[in-house]
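Biologist: Could you walk me through how the labels for this model were reached? I would like each value set beside its definition.

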Amino acid sequence: MVPTTAELKQRIEESIAGASAEVVDLNGGGDHFRAIVTAPKFAGLSRIEQHRLVYAVFGPEIGGPIHALSLVTRAAA
Amino acid sequence: MSTPEQQISTAIKEAIAENDVLLFMKGTPEAPRCGFSARTVAALETLGATFAAVDVLPDPRIRQELSALSSWPTIPQLFVRGELVGGCDIVSEMYETGELAEVIGVEAPDEAPDRAPVASEPGAPPLTIENNLPGRAS
């Protein structure tokens, strides 16, 4: 099952309260993605902690069907 | 008797403790096997940073044990003085804000570009053939 950008966006937004995500497929292959995620929950967290929250949405799928998920995270729009 | 996994985990912890700047990557700094690893190496080299590198590809258990230790699912992973700094995205972002030079304790050379070096064209697939090793051995 190849994940789609819409699916990834929806899962991030459903799992992280108040998040809005913009997801692009980097090479059109359905396995290298970039996500720009804005969530109030990120306030006060280090980049590492912010990225871990997003990676946690996908668990073992990262490195599996989702070969790469490049992240930019922001606390506020 | 410890299991091979425990031995790998111990070796990883020792490597992190013994090297001030340590990069876990796919391939070597001279021959990176993934665009993200290549980009991270390029950021470090542009700053003239001295760093040690561990290739995770020879044994999938290295990556498995590393991710278990660091709670970080992807490669590369940069450690500075025992702490995980980040992967390619964070390292690139910190390069651009000047934090990377600061954290490593180097002075960015005057000729270092403001933008993080791009090892491959934006959106291009990784530089080399995909790694077919099981990333997460079960």
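Modeller: Happy to! Let's begin with B:Thr28, which is found in the loop between S1 and H2 of chain B. This is a predicted model, in which local features need pLDDT of at least 70 and side-chain atom pairs count only at pLDDT 80 or more, while totals for chains, interfaces and linings use all residues. Residues are numbered from 1 along each chain as its sequence is written, chains are lettered from A and ligands numbered from 1 in the order in which they are written, and side-chain values use heavy atoms, with hydrogens and water left out.

Biologist: Why does B:Thr28 count as partly exposed?

Modeller: Buried means under 20% relative accessible area, exposed over 50%, and partly exposed in between, with a 1.4 Å probe and protein chains only. B:Thr28 has 32% relative accessibility, so it counts as partly exposed.

Biologist: And what makes something a helix or a strand here?

Modeller: Both are DSSP runs numbered from the N terminus: helices are H or I with at least four residues, strands are E with at least two. Chain B has five helices and four strands, in the order α-β-α-β-α-β-β-α-α from the N terminus on.

Biologist: Why are H2(B) and H4(B) called roughly parallel?

Modeller: Their axes, from residues 35-46 and 88-97 of chain B, cross at roughly 30° and come within 9 Å. Axes are lines fitted to C-alpha atoms, for helices over the stretch in contact, and angles run from 0 to 180 degrees between N-to-C directions. Angles under 35 degrees count as roughly parallel, over 145 as roughly antiparallel, 65 to 115 as roughly perpendicular and the rest as oblique. H2(B) and H4(B) are therefore roughly parallel to each other.

Biologist: Which residues of H2(B) and H4(B) meet?

Modeller: Contact means heavy atoms within 4.5 Å. B:Phe36, B:Arg39, B:Thr40, B:Ala43 and B:Thr46 in H2(B) meet B:Cys88, B:Val91, B:Ser92 and B:Tyr95 in H4(B). The residues of this contact divide into five nonpolar, three polar and one charged.

Biologist: Which residues of H3(B) are buried?

Modeller: In H3(B), residues 60-70, the buried ones are B:Pro60, B:Ile62, B:Arg63, B:Glu65, B:Leu66, B:Ser67 and B:Ser70. Among the elements they pack against are helix H2 (47-58) of chain A and helix H1 (4-18) of chain B. Just after H3(B), B:Ser71 takes a positive phi of about 50°.

Biologist: How much of chain B is buried?

Modeller: Of its 138 residues, 47% count as buried.

How values were computed:
Ala, Val, Leu, Ile, Met, Phe, Trp, Tyr, Cys and Pro count as nonpolar, Asp, Glu, Lys and Arg as charged, and the others, Gly among them, as polar.
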